[in-house]
Amino acid sequence: MRGTLNASVVLFSLLRTFTVLASAQQPFQYGEMSAPQYTLPSLPYAYDALEPHISAQIMELHHSKHHQTYITNLNAALKTQAEAVHSSDITSQVSLQRAIKFNAGGHINHSLFWQNLAPASSSEAKSSAAPELLRQINSTWSDEDEFKEAFNAALLGIQGSGWGWLIKVEVGKEQRLAIVTTKDQDPVVGMGEVPIFGVDMWEHAYYLQYQNGKAAYVKNIWNVINWKTAEDRYLGSRADALSVLKASI
Ligand SMILES: [Fe+2]
């Protein structure tokens, strides 16, 4: 009887081990349905709300055409990637990375950009809406004017297409502000970096209104920077700043 019992226990044990091993070897199901699909986030203001500094025509084309195209291309690339993962096609997965980076960057950057703009007549467009951020700006660049001068110089120094950003850099308990530029649609994705606000320096952001007057666009953009959003991002985390992306899935 004891021998029969022991044999049953051993058999049960083997079966259980086999079942665990078998389930561990099941391929991870990452099919077409699991690819996230992003949608165009609504603007928090009307297309003509930033006039005269940014025309309604620019805003409508920029948002409904340019930003939408990044999202359309990102969704297509993510779907193709999901299929490539599902079929263990590693070469396709590698070849898709550039398209994913470019179009995801376009979606990330523009989603942040719309939120860090506001109508010039609103209280959000006044730097007084960002008291804590302003304190840090003043201690880093002496005063607001010097900061703007440094930011403008960075924007006008971009060769080709790109973005200028004010970021908060967090290293341990230390944090500091920095002005950085990114090429093409590279997003600010470094560890510990929180985008405070960004300015789109692609020609599609200003050319219809300013033509080659890039300096005038850079000067006027300050009239429509949303300092309230900037303050919230400065006081918040990276996840807070990027929450708009989860909302657009
Ligand atoms: Fe853009």
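The protein chain has ten helices and three strands, where helices (H or I, at least four residues) and strands (E, at least two) are DSSP runs numbered from the N terminus. Along the sequence, the elements follow the pattern α-α-α-α-α-β-β-β-α-α-α-α-α. This is a predicted model, in which local features need pLDDT of at least 70, side-chain atom pairs count only at pLDDT 80 or more, and totals for chains, interfaces and linings use all residues. Residues are numbered from 1 along each chain as its sequence is written.

**Confidence in the model**

- The protein chain has a mean pLDDT of 88, and 87% of its residues reach 70 or more; pLDDT is the predictor's confidence in each residue, from 0 to 100.
- Residues 1-29 are a stretch to read with this in mind: their pLDDT is below 50, and beyond near neighbours in sequence the stretch has zero contacts in the model. Two residues are in contact if their C-beta atoms, placed from the backbone, lie within 7 Å.

**The chain as a whole**

- Of the 249 residues in the protein chain, 28% are buried. A residue is buried if 20 or more other C-beta atoms lie within 10 Å of its own, exposed if 12 or fewer, and partly exposed in between, with C-beta atoms placed from the backbone.
- Among contacts between residues at least 6 apart in sequence, 72% join residues at least 24 apart.

**The sheet**

- Three strands form an open sheet in the order β2-β1-β3, with antiparallel pairing. Two strands pair if DSSP finds at least two bridges between them.
- β2 and β3 stand at the edges with a single partner strand each, so one side of each is left without a neighbour in the sheet.
- Neighbouring strands of this sheet are turned by 20 degrees against each other on average, direction ignored. For such angles, axes are lines fitted to C-alpha atoms, for helices over the stretch in contact, and angles run from 0 to 180 degrees between N-to-C directions.
- Ten bridges join β1 (residues 162-171) to the antiparallel strand β2 (residues 174-183); in one of the pairings, Gly162 stands opposite Lys183 in β2.
- The hairpin of β1 and β2 has two residues between the strands, and Gly172 takes a positive phi near 60 degrees there.
- On the β3 side, β1 pairs with β3 (residues 193-200) over seven bridges, again in the antiparallel sense.
- Ile167 has a partner on either side: Ala178 is its bridge partner in β2, and Pro195 stands opposite Ile167 in β3.
- Seven of the ten residues of β1 are buried, so this strand is largely enclosed by the rest of the structure.
- β3 is also largely enclosed by the rest of the structure, because seven of its eight residues are buried.

**The largest nonpolar core**

- The largest nonpolar core has 46 residues, and those touching the most other members are Leu74, Leu117, Ile196, Val224, Ile225 and Ala230. A nonpolar core is a set of buried Ala, Val, Leu, Ile, Met, Phe, Trp, Tyr and Cys residues joined through C-beta atoms within 7 Å.
- Elements giving two or more residues to this core include α3 (90-115), α4 (131-141), β1 and β3.
- α2 gives the most to this core, with seven residues.
- Not counting residues up to four places away in sequence, Ile225 touches Asn116, Leu117, Ala125, Phe197 and Ala230.

**Two serines to look up**

- Ser248 is found in the segment after α10 (243-247), and Ser248 counts as partly exposed because it has 16 C-beta neighbours inside 10 Å.
- Leaving aside neighbours within four places in sequence, Ser248 is in contact with Tyr38, Thr39, Pro41 and Ser111.
- Ser248 and His107 are 141 residues apart in sequence, while their C-alpha atoms are 9.9 Å apart in space.
- Ser121 lies in the loop between α3 and α4 and is exposed, with 10 other C-beta atoms within 10 Å.
- Ser121 and Ala49 are 72 residues apart along the chain, and 9.4 Å separates their C-alpha atoms.
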